[in-house]
Every structure is written in structure tokens, then in C-alpha cells.
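Walk through this structure with me. We will stop at a helix pair, a loop and a charged side chain.

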Amino acid sequence: ILLMLALVEQPLAVRAAPRANYFKLANGMQVVVVPDHRAPVVTHMVWYRVGAADEPKGKSGIAHFLEHLMFKSTDKIPMGEFSKIVSRLGGQDNAFTGHDATAYFQRIAKDRLKTVMEMEADRMVNLKLTEKEVLTERNVILEERRSRIENNPSALLDEQMDAVLYGNSPYRIPVIGWEHEMAELSQHDAETFYKRYYAPNNAILIVTGDVTADEVKKLAEGVYGKIPANPAVTPERKRPQDPPSRAARRLELKDARAGKTSIHRYYTAPSYTTATPGEAEALDVLMKIAASGAPSRLYKKLVVEDKLASSTSGYYSGSGLDSGKISITAVVADGVDAFKVETAIDAVLADIRTNGITDAELTRAKNGYIADFVYESDNQATLARRYGWGLVVGRSIADIESWPDAIAKVTAADVKKAAGKYLDLRRSVTGLLVPDVSDTASAKNDKPAQKPRT
């Protein structure tokens with residue numbers, strides 16, 4: 001144990017000096033630069049403070065739809081050429097949408113940074129859309145929903161559970177959108193959303209890699225600094241909030257495509273943005289001990305000792321602007337009653353609530369998190385996402401960089417308190433995914449009898 005503690009203290013000492021450089025352009029655009037001079041490569045990301053939870057009612061999926069449309073055309077870039085240009089420059093690019101953010105990124109050689117910066121700045125304000133392009137891309141996102149959600153029983157269950165877990169918060173609506181609303185999204189919807197939210201004073205620029213802060217500042221002022229701020233953008237992001245949860249909720253989804261019966265449990269919890277000091281870190285440690293991997297309480301009890309489940313997993317998601325979520329999953333072993341597995345899950349969680357955790361569990365969990373933080377700091381893209389996700393929901397550079405120190409301060413008492421407060425069934429929804437064999441059996445019975453072999 002002493003050796004492990006020594007290994008933890010060393011990376012923390014190395015990390016003590018701030019890595020990121022922060023400044024703001026005159027038009028309100030925030031900029032973060034994280035130098036890494038080991039290779040002449042940079043990662044360039046632009047984050048917008050807008051996501052699926054900011055969509056107008058009845059327009060679910062518009063944030064993700066616009067993300068797709070951003071790859072169309074401007075006066076300078078022909079239709080569909082954005083990614084091809086990045087590829088010809090020797091780079092890679094992509095984008096993603098969440099409930100709280102939309103982000104676009106390129107990984108490119110350092111001497112091409114200005115080029116991709118100019119391309120990103122161009123589509124920030126000069127996106128051109130035609131009705132034909134919009135309708136074509138709308139078919140693309142509808143097909144994406146069919147392939148990712150409609151053809152995936154677990155994804156369907158997740159959607160239904162979120163819709164029940166969040167009674168009033170927009171987190172109840174899937175990022176990709178509800179199919180019937182997606183099918184009605186128009187060119188006008190996309191352009192209105194674009195003009196409302198895509199502006200430098202609603203954006204964060206993250207550049208990691210072989211650059212200095214002075215180099216990026218000069219480039220950013222010359223490229224992004226020319227774009228005027230949008231006065232309609234306000235710093236506050238006020239959304240409907242959920243009332244207190246007063247009753248446990250349950251639902252069941254039967255689907256012939258489900259491989260095995262599985263039990264899913266979600267709890268509402270605060271996020272790093274909304275939690276009291278130290279509370280989110282305690283939830284992170286709690287879920288690593290309770291449900292993360294083979295050393296976890298749930299895996300050892302349900303899979304190894306009692307053989308009630310073939311696998312278990314769980315996590316705490318604390319990156320949301322408005323709230324977080326605790327998730328637990330167990331795949332029921334063959335021949336085992338699902339109710340018995342759910343009872344076992346409740347018993348493991350109740351033991352943590354009542355008796356807390358051991359010092360050994362606490363040390364292992366904290367060491368694991370801190371080691372992950374150090375190893376992930378070696379990756380440009382991971383660093384860009386780390387700072388981007390934190391800043392887009394209102395955390396500071398100091399908050400982001402001091403996370404290992406905050407994790408190191410978590411005590412066993414903190415974890416027990418968090419478990420007692422948030423592993424409360426009244427805050428939960430439990431979902432059961434059950435293989436529905438009735439359709440399969442019916443299909444077999446409907447087949448014509450085969451002729452005997454001769």
C-alpha cells in the first residue's frame with residue numbers, strides 16, 4: 001500500500017503546476033491552450049454551449065441535425081467538401097452532440113492549424129443550406145436513429161428509462177430526437193437554431209499539441225476575432241428542473257432481439273456543477289467500488305460468489321450542466337429468476353448504505369482514478385475533451401486540473417453519506433429487458449410441416 005501511495009503522490013506533484021493557458025477574445029470567445037511538443041501535431045476543437053437540452057419544444061433532434069448540416073457548404077467550401085479537405089491535408093475530423101454541448105474537432109499537422117481554424121470560423125457564421133440538402137440529411141439522421149436506437153433493445157430501454165427518470169428536465173428527451181419530431185425538422189428550424197446559438201461568444205476554442213499560447217492567441221485573434229458577438233446569446237442557461245422524486249418507478253420492455261434478461265437501474269444525482277463540494281467526487285468513488293469492473297462489490301457478489309448474473313456494470317455520470325445520473329446493470333444468468341438478481345443488487349447497495357466501505361476499497365478506487373487521470377493526460381484528444389466538457393458546463397480550469405486532489409480527499413465517511421443520500425429507490429427507475437420468445441415461437445408454429453425424407 002505504501003508503494004501505491006508513493007506512485008500516486010508522484011503524478012500529483014508533477015501535475016501541480018497548471019497545464020492549460022486560458023484567455024478570452026474581445027468578442028467573448030473563450031480559448032484554452034494545452035502545449036505538448038512531443039510531435040508536430042495539434043488537436044483543434046470548437047465547443048458550443050448548446051445541446052439537445054436547449055432545443056425548442058417539439059423540435060427534438062435539431063441540435064444533432066444541425067451538427068450534420070454543418071458539414072455541408074459555405075461560399076468558400078463546396079457542398080460536402082469540409083471533411084475531404086481536412087483529409088487531403090493529412091488530418092482527421094469529426095463532431096458530436098450531447099445534451100449540454102455540440103463540438104467539432106480536427107487533428108492536424110501544426111503547420112495546417114491556421115487552415116482548419118479558418119474553415120471552422122467560416123462555417124460558424126457562413127453556413128449555406130438548401131432544402132434539398134436538408135431533406136437528404138434528414139433521411140440520414142432518421143436512418144441513424146433506426147440503426148442505433150430502433151434496432152437496439154438496450155437503447156430503446158435506455159430511452160424509456162430516461163423519459164421516466166426525468167419527469168420535467170429536458171434530459172428526458174434523447175439527443176438524437178424522437179422519430180416523429182425528427183421527421184418534421186425543416187430548413188427553417190435548422191437555420192433558426194444555427195443563428196441563435198452559433199456565435200463566438202457562445203463558443204470555446206481548445207487547442208492541444210505542438211503550440212504555444214502566444215501562437216494560438218495570434219491565430220485566434222486574426223481568425224475568430226473578426227467574427228462579431230451575437231448579442232442574443234446570454235450566459236445563463238435556464239431549463240426546466242425536476243421536482244423531488246417521491247416514488248420508485250418501474251418498467252419492462254419485451255423484445256425478441258434481446259439476448260438475455262437484464263436489469264437496469266438509474267438514480268438521479270447531482271453533477272459536478274450542481275453538487276456540494278466533495279459530493280460528486282464521493283459519488284465517483286462510490287460507483288467505482290460498487291459497480292465498476294471485476295473488483296466491484298456487485299461483480300464479486302452476483303457473478304463470482306452467487307453466480308446469479310453473467311455480468312454487472314455501473315457508473316456515475318457527473319458531467320451534466322443540470323444534474324447527473326447513477327447507472328447499474330446486471331445480465332441475469334441462465335436459469336436464474338430476475339427478481340432474485342434484483343434483490344441481490346438491492347442487498348449489496350443496502351450494505352454500502354448501512355456499513356460503508358473499507359479503507360482498502362477506498363484506496364484502490366482513488367488510486368485507480370488518479371492513475372487514469374495521469375495516463376489520459378498523455379493524449380491530446382482526451383485533454384481537449386476534458387477541458388471542453390468542463391468549461392462548457394461552467395466549471396473552471398482550476399476545477400478541472402485539481403480533480404485528482406479532490407478525489408484524493410474523499411473519505412470513507414463521504415462515500416457512505418453519498419450512498420445513503422443518493423442510492424434511494426425513491427430517486428430511481430428500474431428497467432427490465434426481457435427476451436420475448438412469443439414471436440419466435442409463433443413463427444415456428446406457422447411454418448408448414450416438412451415432408452419426410454425419402
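Here is a short tour of those stops.

This is a predicted model: local features need pLDDT of at least 70, side-chain atom pairs count only at pLDDT 80 or more, and totals for chains, interfaces and linings use all residues. Residues are numbered from 1 along each chain as its sequence is written, and side-chain values use heavy atoms, leaving out hydrogens and water.

Start with helix H11 (297-305). Helices (H or I, at least four residues) and strands (E, at least two) are DSSP runs, numbered from the N terminus. The axes of H11 and helix H12 (residues 338-355) come within 10 Å and cross at roughly 145°. Axes are lines fitted to C-alpha atoms over the stretch in contact, with angles from 0 to 180 degrees between N-to-C directions. H11 contributes Arg297, Leu298, Lys301 and Leu302 to the contact (heavy atoms within 4.5 Å). From H12 come Val341, Ala344, Ile345, Val348, Asp351 and Ile352.

Next comes the loop between H11 and strand S9 (309-317), where Lys307 sits. Lys307 is not a glycine, yet its phi is positive, about 55°. Lys307 is exposed (over 50% relative accessible area), at 57%.

Finally, go to Arg138 in helix H5 (residues 131-150). Leaving aside neighbours within four places in sequence, Arg138 is in contact with Phe65, Met182, Ala183, Glu184 and Leu185.

Notes. Buried means under 20% relative accessible area, exposed over 50%, partly exposed in between (1.4 Å probe, protein chains only).
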